[in-house]
Amino acid sequence: MGRLFVVNLEGKVYSCKHCKTHLGLCEDIVSKSFHCRHGKAYLFSKVVNVTTGEKEDRLMMTGLHTVADIFCVGCGSIVGWKYEMAHEKSQKYKEGKSVLERFKVSGPDGSNYWISHGRHVGGSDADDV
Amino acid sequence: MGGVEDDEPASKRMKLSSEALIHLSNGSTVKESIVGSSRDLMARPLQSDGGEEVVGSKGVIKKVEFVRIIAKALYSLGYIRSGAHLEEESGIALHSSIINVFMRQVLEGDWDESVATLHNIGLTDEMIIKSASFLILEQKFFEFLDEEKVMDALKTLRTEISPLCINHGRVRELSLSIVSPSHCFTVRSPKQNTSRARSRTKLLEELQKLLPPTVMVPERRLEHLVEQALGLQRDACMFHNSLDEEISLFADHQCARDQIPSYALQVDANGISLKHKLSGHQKPVSSVSWSPDDHQLLTCGVEEVVRRWDASSGECLSVYEKAGLGMVSCGWSPDGKWIFSGVNDKSISLWELDGRELECWKGQHTLKISDLEITSDGKQIISICRETAILLLDREAKVERFIEEDQTITSFSLSRDNRFLLVNLLNQEIHLWSIEDDLKLVSKYRGHKRTRFIIRSCFGGLEQAFVASGSEDSLVYIWHRGTGELIEALPGHSGAVNCVSWNPTNPHMLASASDDRTIRIWGLNNLSAKQKDTHGNGIHYCNGGT
């Protein structure tokens, strides 16, 4: 394989669970109250070392959004999604920001998140209160 | 030059209107006070024998100017009779009669008369008259000194040169050369504006540079215009890649595509064989660099040590390391006497070959993923110091300059003449920066693909007229550097092309390295097309595993 280009972050870093590639900084977290199929998810204002998939329209908990899945450049695993466009005015603040699924990343202290069984999360997305 | 007799029979020339006004191209006007006779003749502007005022299909060439520079060219070539005949036949004089008189006076050394004529030419700029007078009188002064007529020279200096009240420094120098003859010798040195022993022809050339070009047509003007046109044709030729392409005046220059390497060459299997396996690194080798004398190699492991090898024996000569830290890049000084490397604490270190550390720049100087280059004069070290900035560090002057981009920088490449930097960005653009004096963005190149890997690009071809790059879509991209146009996208590799290298001495050869584990050599079509071998993911840089 060629030589991967990776950006190295400094500070409290969230990295890919599988290959430890840096993905986002703690200080860039906008909201921790997002959800995905696998449980909790965080909205980041900026993520690095990801590639973006195809744009598509998805009906999420808060309405219709145009999103694209994002993948870790190191191992290619899907780590979340990026909001390209929000169709409802109240959701516009999400545009350009990305969600990282807590299940797919290791926290700054190396901690991981495990899906709690039995608790079924309704869908993806959430609002900021 | 000059020498046209203005004693031509009046019948050959046209009668004049009482006041002929000529509008010069630089906006000022030369007013000829002509007293109705046909004696004082001027290059007649627009009231000619009903002929057109302009020539050429675009209507931008004034006929009078055109004929005058042709006449000047004929005289320069030595065709005096032809030049005179042209002036006569066209009715357009190269120089007005007063200028001809002036030139003759200068060449014959009639200094006082020539200064008087100068005032009669009708120049509106006082400074020009003064400067020209100064030059003439200076010549008079020096010729007196040559003839040992010191008192005459002194008188000229006092009563004629000084009152002009310009160029006081020069006046002082002149007075010095009376007092001290040895100074005179230094004044007589072959430097341009202090040479005294110059000929009167040289003086005339100096005067011509002072006077407006319409008054005295500049030397070799037609040749200059033609050379300018040829230069523009050459620059516009996007495929220009051969020295022996002669540019003819008969047709516009345009090369065919066939000078750009675009065919995979067959490489003789006997020509390439594995010579040594250099073992010793514990981590993947991220960069390889040849010494300036081509006898040694410098290699760097990813956040590991730097090793120096003898290329012929394969022996490891030195290991460079820093306790607790890892190296991320390496390079040679242009004289081969020291090496430098980026360290993963963002500093850059300089080492003697024997391992002694010479210098260390701490602080934000380089990144873990950064390239590291040095200019061929050894003065500037270049590295990516922040996500969106490149640092150009002048070692001696201790000056730091920064190229700032909007996007993340992935890699860069320095041109051989140290004047340009090719910067690869995260968003699949390649930016060309001029780094000589001011840092300036010159061009952008687009078309290739980059999403995950470090893709490298380089300059190449005759006078580095092209930019080549790898791409994740397995094509080799080539752009014309000047126009930014994409010339070629060469298929052949079956995996991402990680880097390219254009042969520095052969503008017709290009090499590319790919994830398909091959290196391709590209050349011109007159060689059979089949490809070669050996493993590798990089030419200058071995990316990935051993």
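The model is predicted, and local features need pLDDT of at least 70, side-chain atom pairs count only at pLDDT 80 or more, while totals for chains, interfaces and linings use all residues. Residues are numbered from 1 along each chain as its sequence is written, chains are lettered from A in the order in which they are written, and side-chain values use heavy atoms, with hydrogens and water left out.

The size of an interface is often given as the accessible area lost when the parts come together. For chain B and chain A, the buried area is about 1500 Å², with 55% of it on carbon and sulfur atoms; this is the accessible area (1.4 Å probe) that two parts lose on being put together, summed over both. Across this interface there are 2 salt bridges, a salt bridge being a side-chain nitrogen of Lys or Arg within 4 Å of a carboxyl oxygen of Asp or Glu. A:Glu10 and B:Lys346 form a salt bridge at 2.4 Å, N to O.

Within chain B, the domain assignment, which is automatic or from a database, gives domain 1 (59-183 + 191-221) and domain 2 (276-524). Their C-alpha centres lie 55 Å apart.

Salt bridges also occur inside chain B. B:Arg170 and B:Glu138 pair at 2.4 Å, N to O. B:Arg170 sits in helix α7 (residues 168-179) and B:Glu138 in helix α5 (residues 126-146), 32 residues apart; helices are DSSP runs (H or I, at least four residues) and strands are runs of E (at least two), numbered from the N terminus. B:Arg170 counts as buried because its relative accessibility is 9%, and B:Glu138 does so at 5%. Buried means under 20% relative accessible area, exposed over 50%, and partly exposed in between (1.4 Å probe, protein chains only).

B:His281 lies in the loop between β5 (263-264) and β6 (285-290) of chain B, and at 15% relative accessibility this histidine is buried too. The side chain of B:His281 makes polar contacts with the side chains of B:Thr299 at 2.7 Å and B:Glu304 at 2.6 Å. A polar contact is a pair of N or O atoms within 3.5 Å; within protein, one must be able to donate a hydrogen and the other to accept it, and residues adjacent in sequence count only if both atoms are side-chain atoms.
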